[in-house]
Amino acid sequence: MRYSQMFIPTVREIPADAETVSHQLMIRAGLIRKLASGIYTYLPLGLRVIKKVEQIIREEMNRAGAQELVMPVVQPAELWKESGRWEHYGKELLRFRDRKDSEYCLAPTHEEVITDLVRNEVKSYRQLPLNLYQIQTKFRDEMRPRFGVIRCREFVMKDAYSFDIDEEGAELSYRKMFDAYQRIFTRCGLRFRAVEADTGSIGGSFSHEFLVMAETGEDEMVYCDRCGYAANMEKAETIRPEEAKESKELKPLEEVFTPNVKTIEEVCQFLQVSPQDVVKTLVYMADGRPVAVLIRGDEEVNEIKVKNLLGCDTLEMATDEEIIKYAGSHRGFVGPIGLKCRMMADFSLWGRTNLVVGANREDYHIKNANYPRDFDLKEFHDLRFIHEGDPCPRCGAQINFARGIEVGHVFKLGTKYSRAMRAVYLDRNGQEKYMIMGCYGIGVGRVVAACIEQHHDDGGIIWPISLAPFHVIITPVNVRERALNEAAEKIYQSCIDLGLEALLDDRDERAGVKFNDADLIGIPFRITVGPKKVAEGKVEIKHRLDGRVDVVPIEAAASYCQKAVFAV
Ligand SMILES: [Zn+2]
């Protein structure tokens, strides 16, 4: 391609509304433009990168035995009602009506449509296993779109769905996708980690997120250097502490007048105790039934863990009226003694004695509360968020934290959708069985943004060769000099002949402008065609990655780049 004919609107200034480097550089390098909040156009250069990512994904998915198809973006409400997600998906699901007043949505994901397709076409175990994927547009009406294409509303995603006859097959399908993802992200030049994750609104039994290491990432990951355990923040397990060796003397209960003292901080200040000595008692309604979660004053309840433990559909904080009903007092004075509902405690309270608790009486707290002496507490679980430095749940070494951008997610769904939508097959014995499903997503635009987060410098993007929109840019420093033009044209033709994707910067611009643009758009090799070197029959080849410059004969420039590009 000739630069003069290509639409690459680069920008010198950093866009005001772009917080992250990848967002700034995608706009500055002319990869994307914003149309509306969270909705972007990919310009020609950006689309070339997207196509590179898609091609890598396609090759690895096909290699893993998955087959490509394309499903519609517009989907009828009926299918979503069948799976139950029409009610549960929330406002991220953009719903609308057509001219006949039928309800539709814009697909945020395709479990319903693929399950419908497969249940209609697959009848026998002989037709399974099956893994189908697409690379297609999704829409999720995010509350707060940000970071450019990282958290946007309309985006291209690769989503794959596997159907198996048994658990063993489903696990093999999951493993294949897991391995394919490792290859995909490695080929995209990313440093990443696969972490254990919660299954969230997709549902199912277990899952892994693929997080690209980046300081600007929205996701916090938890990992252990010793044993390799890795999980996201919601999922990371904490363990029960060891029982204290020396037994503390249990002091007598003492009710204390604590007027208007409600928060943990206020309690600690008023009673001159540390938060570790205070019990936070939170009353939740789980599918309409009350449950109290007790946790040490310095810890936070991880509601996802509570929800998973209870296996409930909804978990909400109890209202003021409900708290009065079960505790007999207002929020802030709730405690376990005499509380009329199921109680469970986080491991952080394991073995702790002489605790401060709410008295279930307005303006009172109780000191020296001890279980089982003063209240019945049998259930201890992992219900809190992990901290950096906590022991690893697998090996006990210290846990580390890092930030990352989620680029992929694999789920073992089990029979969640096949049960809801009756996707069954006949087994060897003619018995009807539910298909066992998995689903596997990759955010294509996110891969591009995450790659830029990891590969850039002050001058701009530094593309890995696998994703670069062009391998080589040929830059004659002055297009008005015939000798330079001729040399540049010759090299350009040779590059094309050798199968390189080459961009000839034939613009009548100052050399500095061209060099800056070449750095900004991040092309791996720049062949500089300047008067001094050309007079000697040579050109300079600059490596974008490390700034190294090699001088080679004009005739050898293209093959030099070819070797470097295809050696990777
Ligand atoms: Zn470990």
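The questions and answers below take the labels one by one.

Q: What kind of model is this, and how are its residues numbered?
A: This is a predicted model, in which local features need pLDDT of at least 70, side-chain atom pairs count only at pLDDT 80 or more, and totals for chains, interfaces and linings use all residues. Residues are numbered from 1 along each chain as its sequence is written.

Q: How many helices and strands does the protein have, and what makes a stretch count as one?
A: The protein has 15 helices and 31 strands. Both are DSSP runs numbered from the N terminus: a helix is H or I with at least four residues, and a strand is E with at least two. The C-alpha atoms fill a box of roughly 95 × 65 × 50 Å along the principal axes.

Q: Why is V529 called buried?
A: A residue is buried if 20 or more other C-beta atoms, placed from the backbone, lie within 10 Å of its own, exposed if 12 or fewer, and partly exposed in between. V529 has 30 other C-beta atoms within 10 Å, and therefore counts as buried. V529 is found in strand 29 (residues 525–529). Across the protein, buried residues make up 40% of the 568 residues.

Q: Which residues does V529 touch, and what makes a pair a contact?
A: Two residues are in contact if their C-beta atoms, placed from the backbone, lie within 7 Å. Leaving aside residues up to four places away in sequence, V529 touches I474, T475, P476, V477, L484, A487, A488, V534 and V539. Of the contacts in the protein with a separation of 6 or more, 71% join residues 24 or more positions apart.

Q: Is F147 buried or exposed, and how do you know?
A: F147 has 20 C-beta neighbours inside 10 Å, so F147 counts as buried. F147 lies in the loop between strand 7 and strand 8 (154–164). Its phi is near 60°, a positive value in a residue other than glycine.

Q: Why is N368 called partly exposed?
A: N368 counts as partly exposed because 17 C-beta neighbours lie inside 10 Å. N368 belongs to strand 19, and its phi, near 65°, is also positive in a residue other than glycine.

Q: What makes the largest nonpolar core a core, and where does it lie?
A: A nonpolar core is a set of buried Ala, Val, Leu, Ile, Met, Phe, Trp, Tyr and Cys residues joined through C-beta atoms within 7 Å. The largest has 113 residues, and those with the most contacts inside it are V53, V472, I474 and I491. This core lies between domain 1 (3–237 + 401–452) and domain 3 (470–566), because both give residues to it. Apart from it lies another core of 26 residues, including L294, F333, L349 and A369.

Q: How is the protein divided into domains, and what do the bounds come from?
A: The bounds come from an automatic or database domain assignment. They give domain 1, domain 2 (254–381) and domain 3. Seven residues of domain 1 are in contact with nine residues of domain 3. The side of domain 1 that touches domain 3 has four nonpolar, two polar and one charged residues. Here Ala, Val, Leu, Ile, Met, Phe, Trp, Tyr, Cys and Pro count as nonpolar, Asp, Glu, Lys and Arg as charged, and the others, Gly among them, as polar.

Q: Which residues of helix 12 and helix 15 meet, and of what class are they?
A: I491, S494 and C495 in helix 12 meet A557, A558 and C561 in helix 15. By class, this contact has five nonpolar, one polar and no charged residues.
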